[in-house]
Amino acid sequence: MILVPDDGPVNPQEFEATFPQGLIGLKELQKFSFAPIEESWPFVSMLALGQAYGEEEISFVVVEPRGLVGGYEVEISQEDVDTLELETPEDAMIYNIVTVHSSQPLHVTINLAGPLVINRRTLVGKQLVLVNAKNYSPRHVLIDQRETAA
């Protein structure tokens, strides 16, 4: 199944999702709360529920790729379609994990090769390695102000 994000970001709503297999490299993290970061829209906070390192909460910044990455096609295996119980491409919400490498000057990348795909009906998700992962970078530049700051 090929998922093509619609044009233009959608203002996300708060929701919780379960990742039964955890995230790649973090299998123990299985339940997350997603909430818009109001002062940084379209970015979304993805907070691990019931997990912490010491007193530090575990959270990620994610973003829907809608309107941000032209031509992005999320090709997923039939096994992943079955695991997520996706009946149509519209059942899927797609998020990509954001990495802020520096804030002054701003340098931000997103992982296009390993998106989070969540079934919007069941709120069960999985971090995938795309069938077409070779076409995408895990460090796709979203914002890079390093050259202009010099």
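Predicted model: local features only at pLDDT ≥ 70, side-chain atom pairs only at ≥ 80, totals over all residues.
Me: What about the faces of E2, which residues are on the covered one and which on the uncovered one?

Reply: In E2, which spans residues 15-18, Phe15 and Ala17 make up the covered face, whereas Glu16 and Thr18 belong to the uncovered face.

Me: Take Ala17, then: buried or exposed?

Reply: Ala17, which sits in strand E2, has a relative accessible area of 0%, and because anything under 20% counts as buried, Ala17 is buried.

Me: What is Ala17 in contact with, leaving aside its neighbours in sequence?

Reply: Once neighbours within four places in sequence are set aside, Ala17 is in contact with Gln30, Lys31, Phe32, Phe34, Ile118 and Leu123. For Lys31 there is also a spacing to look at: Ala17 and Lys31 are 14 residues apart in sequence, while their C-alpha atoms are 5.9 Å apart in space.

Me: Switching to rings, how many aromatic pairs are there?

Reply: The count comes to 6 aromatic pairs. One of them is formed by Phe15 and Phe34, which are stacked, with 4.7 Å from centre to centre and 5° between the planes. This pair links distant parts of the chain, since Phe15 is in strand E2 and Phe34 is in strand E3, 19 residues apart. Phe15 and Phe34 are each buried.

Me: How is the pair of Phe15 and Tyr95 arranged?

Reply: Phe15 and Tyr95 form a tilted pair, in which the centres are 6.2 Å apart and the planes are at 40°. Because Phe15 belongs to strand E2 and Tyr95 to strand E7, this pair ties together parts that are 80 residues apart in sequence. Tyr95 is buried, as is Phe15, and ring pairs link Phe15, Phe34 and Tyr95 into a cluster.

Me: New topic: how many salt bridges does a search of the whole structure find?

Reply: The search of the whole structure finds 5 salt bridges. Among them is the one between Glu64 and Arg66, whose closest N and O atoms are 3.0 Å apart.

Me: Where is Glu64, and is it buried or exposed?

Reply: Glu64 is placed in the loop between strand E5 (56-63) and strand E6 (74-75), and it counts as buried because its relative accessibility is 9%.

Me: What distance do you have for the salt bridge of Asp80 and Lys126?

Reply: The side chains of Asp80 and Lys126 meet at 2.5 Å, N to O. Since Asp80 lies in helix H1 (residues 78-84) and Lys126 in strand E10 (residues 125-127), the pair ties together parts that are 46 residues apart in sequence. Asp80 and Lys126 are both buried.

Me: And the salt bridge of Arg121 and Asp91, which parts does that pair tie together?

Reply: The side chains of Arg121 and Asp91 meet in a salt bridge at 3.4 Å, N to O. Arg121 lies in the loop between strand E9 (116-119) and E10, and Asp91 in the loop between H1 and strand E7 (92-103), so this pair ties together parts that are 30 residues apart in sequence. Arg121 is partly exposed at 43% relative accessibility, whereas Asp91 is buried at 10%. Salt bridges with shared partners join Glu87, Asp91 and Arg121 into one network.

Me: Last one, where is the place of Asn111?

Reply: Asn111 is in the loop between strand E8 (106-110) and E9, and at 17% relative accessibility it counts as buried. A polar atom of the Asn111 side chain lies 2.8 Å from the backbone nitrogen of Gly114. Apart from neighbours within four places in sequence, Asn111 is in contact with Asn96, Ile97, Gln127, Ser137 and Pro138.

How values were computed:
Residues numbered from 1 in each chain as written. Heavy atoms only, no water. Buried < 20%, exposed > 50% of the residue type's maximum accessible area, 1.4 Å probe, protein only. Helix = DSSP H or I, 4+ residues; strand = E, 2+ residues; numbered from the N terminus. Salt bridge = Lys/Arg side-chain N within 4 Å of Asp/Glu carboxyl O. Polar contact = N/O pair within 3.5 Å; in protein donor to acceptor, adjacent residues only side chain to side chain. Contact = heavy atoms within 4.5 Å. Phe/Tyr/Trp six-rings, centres within 6.5 Å; stacked < 30°, edge-to-face > 60°.
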